[in-house]
Amino acid sequence: MIRVSFYLLTPSAKQSSAVYASITYKGKRLRFNTGYTFETRYCNVRKKKGSKSFLKRNTSLYLEYKALLDSTSDQLSRIAFDLFREFGHVELNAVRERYDVMSGINKPQSFSVNELFDLFMSKHDSGWSDGTKKHYTSLANHLIKFEANYHPLSLGSFTSDNWNELRDDYFVQFQQFSNNTINTNLRKLKKFLAFCQKENQLNQALDLDELKFLKEVEPFKIALTDDEIRAINDLDLESNNKLEKIRDLLMLEILTGQRFSDIPKLLDPNNLEENYIQIYQQKTGERVFIPLHKELKKHLPMLIDKYSESDLQISNQKFNEYVKELCKIAGINRRHSWIIMVGNKKIHKKDYRYNLVSSHTGRRTFCTLSLKNQVPAEIIMKVTGHRKYEQFKKYVRVDDIDLEVAFNNIKFS
């Protein structure tokens, strides 16, 4: 009559997940909550139909879980048979409605924030980069910390007051993040709330467009100057293999404008053409062509001979730590001051230039120096993979020394 199968709503959950039924009849399919919750460690995650049984055999709960599923399957089949006998056809929604009444399930199950976030991640992370996954995992951890320090969140009755409480009490007062960092988290939270609304787990009266963000100031970032690049290249690092590798990786970023995650691809001979390197960027999937300009031609063959792909396996975190050490040794020690916003307060910050260098500095330096050398922005964007000028211009930095030189050369008469 009908075909019945089962699956976990959030198979990646660390502890337990709601069990959903999938019923099929004459090419139509309907999925709904069975009312049961199973521990995920006793269940298989099926990548495709028929690849694995739903339950893991020879576990302590196998017989109990199997009895529940068999009983549910029989119940659904009996409901479908009764409907067919009464009306001469079967409507899947009618099967679900009768099952809900018989099982005491009269409304959609309300999930905790953690359960919904597990579902949100499982439905989206296949198309996300590793960096995006980390950002959303970080947001999930912030929601857990909020609940631990304030009160549980009820997404079923989530209001703009809850949004403001997360923004002002947790992110501003408790974490004391800059407004730029807070807004990054809030934008991801808004996408999560939109998902919850789509899943009918959110108060429909909540107008997502009315949720307010904080005022931002442009973040202070640096690009290396020609003199600083020479200072780094002139360092004798023959006895320091660690920093020599960091310098080589930084130079590849500066010479190609690529992200840190794409650097190993630049040294793959399969991506090398006669006049350019062609790669698909890891973060966006964008295909870019990096011209083999004079400086890159000088460095690339040496680096291809010097490193294998496994030699370049270093975490972004470790690179950021070591590149600061490299730049400190190179004497990049000018001191900067800038302002950040934390809520409505302006906070003055000071630090040495070498502490401001990170894995994004090489890409930012490429963009800045290319523009300085009269390369049109549209051409630079073809190399870096930026699709919008608004994104690209965030990577261009004018150094205060360049400003001084520029205005010293101006004649006003």
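**Burial and salt bridges in a predicted model**

Asp 262 is buried in this predicted model, with a relative accessible area of 0%.

Me: Why is Asp 262 called buried?
Reply: Buried means under 20% relative accessible area. Asp 262 has 0%, so the term applies.

Me: What makes the contact of Asp 262 with Lys 265 a salt bridge?
Reply: The cut-off is 4 Å from a side-chain nitrogen of Lys or Arg to a carboxyl oxygen of Asp or Glu. The N to O distance here is 3.4 Å, so the pair qualifies. Lys 265 itself is partly exposed, at 25%.

Me: How do you know that Arg 167 is buried or exposed?
Reply: Its relative accessible area is 11%. That value falls under 20%, so Arg 167 is buried. The side chain of Arg 167 meets that of Asp 168 in a salt bridge of 2.8 Å, N to O, and Asp 168 is partly exposed at 26%.

Me: What separates Glu 321 and Lys 318 along helix 11?
Reply: About one helical turn, because they are three residues apart in helix 11, residues 316–329. Glu 321 is partly exposed at 45%, and Lys 318 is partly exposed at 37%. Elsewhere, salt bridges that share partners join Glu 244, Asp 248 and Lys 306 into one network.

Definitions and conventions. Residues numbered from 1 in each chain as written. Predicted model: local features only at pLDDT ≥ 70, side-chain atom pairs only at ≥ 80, totals over all residues. Heavy atoms only, no water. Buried < 20%, exposed > 50% of the residue type's maximum accessible area, 1.4 Å probe, protein only. Helix = DSSP H or I, 4+ residues; strand = E, 2+ residues; numbered from the N terminus.
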